[in-house]
Amino acid sequence: MAILGTTRQKVVGLLAAGFAVLIANAMFSLWVGSRSSSFTSHTVIDQALKTSLAGLLSAAQDAETGQRGFLITGDEQYLEPYQAALTDMPKYLGQLESMSAQNEHLRTRLPRLREVADRRMSLVTNSVAFVRAGNRDKALTQLNSGLGKTTMDELRAITAELTALQDAMISQGLANLNRSESWARFINLATLALIVALAATTGGIVLRFVRELEEAQGELQTVNAGLERIVDERTADIVRANEEIQRFAYIVSHDLRAPLVNIMGFTSELEAIGKMVGRQYETLAQRAPDLVLPETPEAVRDDLPEAIGFIRTSTAKMDRLINAILGLSREGRRVLTAANVDMSALVSGIADSMRHQIDAAGGTITVGKLPAMITDKLAIEQIFSNLIENASKYTDPGRAPHIKVEGHSEGIQVFYSIADNGRGIDEKDMERVFELFRRAGKQDQPGEGLGLAFVRAAVRRLGGTISVKSELGKGTTFTLRFASKLQLSRSKTNG
Amino acid sequence: MAEPVTIIMIEDDTGHARLIEKNIRRAGVTNEIKHFDYGGAAMEFLVGNKAHATPLLILLDLNLPDMSGTDILEKIKADDRLHRAPVIVLTTTDDKVEIQRCYDLGCNVYITKPVEYETFAAAIRQLGLFLSVMQVPDPE
């Protein structure tokens, strides 16, 4: 997780850096673009300015040309350029006026330009007026005075100055534009290099991360395979150990049986002999009482049958115990078969078989809806029979027995509980009750102490667990837990 | 048994051997009963060089200290002279696989010793009655 965290941070950081670079580049490009567009609008204005200036100058020259022609010939026809200049001049001046707001050079020089232009035009107008009035000499005098030339030169100087200033401004702007364009190129290249570097680094990190992930996955698979093998080995070990215990129990019970057969057999033989001796003694006592020893009557009539009686009850008990062990080991060796078991129906059947006895005690037994499971039907039936029988057997004499069987499922597990209001189990006996031949509480019921030992062995064999909750004098609840589907071990259990 | 058949009893538990013999006798069987405690001694007698004068009937216990009863059964059934001799397996084991194995190997009767002595005694007496009417082939 640590690797994952730092890699994620790195990748996110690098991507953020990449985006930041791209955004900065875009902003820079916008700035450069705005600069170049403002320059373009400048050059357009400059062009208009130059045109207007040139127009102004040419209008002034046209007026002069017209004036001279008229002066020489007196023909009104020559005044045509002058007439045009009269309208053109204010037009160009108006254009320049409108441009002066954005152009400082023009703004400062425009009044003088207007004054010179007006002066020039009024000179021409005066001269034309002199000619029209027939005062040709006066017009010539004015021409010769050189005033016209001076104003014309003045006009030319101003326009030339303005044009030069404009050109300088344009070349300055062009240089600026070139500089910012080369900056833009540099910045674009730098951005490209940065993006490529970032992409390469990010790609490298992601690639390394993917490789690490793949390696981790490979390791995980190896570990998993190892784990499965370990689990398999452990399971095999447990199955083997269990088989060994079963075989041990079987052999022990078998081998104990052989001498027991002898004890019982020869006890029977002894009994038969005892009876024969008894008959012999009776005959002797009748026919020759004086031959009978004083201790013989008691020995023959009481001691011998008593001794044989004790041997018989002891061997009978031993036989029952050995049979119990044999039964347990036989059940443990029985091959389980998994089948779908309708638990509600199965437990209801058991409850019905015990209902008569419970009804007689004034009690009840209720079976709730139990989840079905796939298991060995015989084993699960024996488990529930034992538990329900116990519940109906170890009752509290002070109250009617009420037994409740319930169940529910959780995922792949199923739970069943058998609750009674019986006499309960003392806390110190909770574990003991599951032990073979051990019993708890008042020994007022017949039994060998086998039931719960058998139940626990069977539950374990079905892969389940059994737990008990009890309060002395209140009641007991046994809870069973199983996987809803019985997993049969692969090994066979024939010892 | 009309023929003077000899009963070979291979049984390591002398108590069992004695009880079996007593109960067979009570069924009225008077044939000679030869008892062997060990499988080795029994095999020496059975497959030894000496030819058997009388037909044999073998009572065999499977749990012997020196060798397994099924091995003895296998050897008897593989022996040219003995393979027709009836073998009655009389043992405490009631394992299904073991029973099948014995019949596969050619055992004629398989009897599980009952733990209850009275039933055991009755079973042996009935075996005695069974033996008294049973035909045993002559030795080869």
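Two strands pair if DSSP finds at least two bridges between them. I also kept in mind that helices (H or I, at least four residues) and strands (E, at least two) are DSSP runs, numbered from the N terminus.

**Before starting.** I am looking at a predicted model, where local features need pLDDT of at least 70, side-chain atom pairs count only at pLDDT 80 or more, and totals for chains, interfaces and linings use all residues. Residues are numbered from 1 along each chain as its sequence is written, while chains are lettered from A and ligands numbered from 1 in the order in which they are written.

**Entry 1: the sheet of chain B.** I looked up the strand order and found five strands forming an open sheet, 2-1-3-4-5, with parallel pairing. At the edges I found strand 2 (33-36) and strand 5 (109-112) of chain B, each pairing on one side only. From one strand to the next I read an average twist of 20°, with axes being lines fitted to C-alpha atoms, for helices over the stretch in contact, and angles running from 0 to 180 degrees between N-to-C directions. I then checked strand 4 (residues 87-91) of chain B, which pairs with strand 5 of chain B in the parallel sense over four bridges. Opposite Thr91(B) I found Thr112(B), in strand 5 of chain B.

**Entry 2: strands of chain A.** Here I followed strand 4 (residues 402-410) of chain A, which runs parallel to strand 2 (residues 364-367) of chain A and is joined to it by four bridges. Val367(A) has Val405(A) as its bridge partner. I counted eight bridges from strand 4 of chain A to strand 5 (residues 413-420) of chain A, and this pair is antiparallel. Ile403(A) faces Asp420(A) across that pair. The hairpin has two residues between the strands, and I noted a positive phi near 65° at Gly411(A).

**Entry 3: helix 6 of chain A.** I traced helix 6 (residues 296-333), whose 38 residues reach 52 Å from first C-alpha to last, close to the 56 Å expected at 1.5 Å a residue (1.5 Å times one less than the number of residues). I found a bend of about 35° at Asp303(A), with Pro305(A) following within four residues; the bend is the angle between axes fitted to the seven residues ending there and the seven starting there.

**Entry 4: where the chains touch.** I found 12 residues from chain B and 12 residues from chain A in the contact (C-beta atoms, placed from the backbone, within 7 Å). On the chain B side, helix 1 (14-26) and helix 5 (117-133) each supply at least two residues.

Definitions and conventions:
Two residues are in contact if their C-beta atoms, placed from the backbone, lie within 7 Å.
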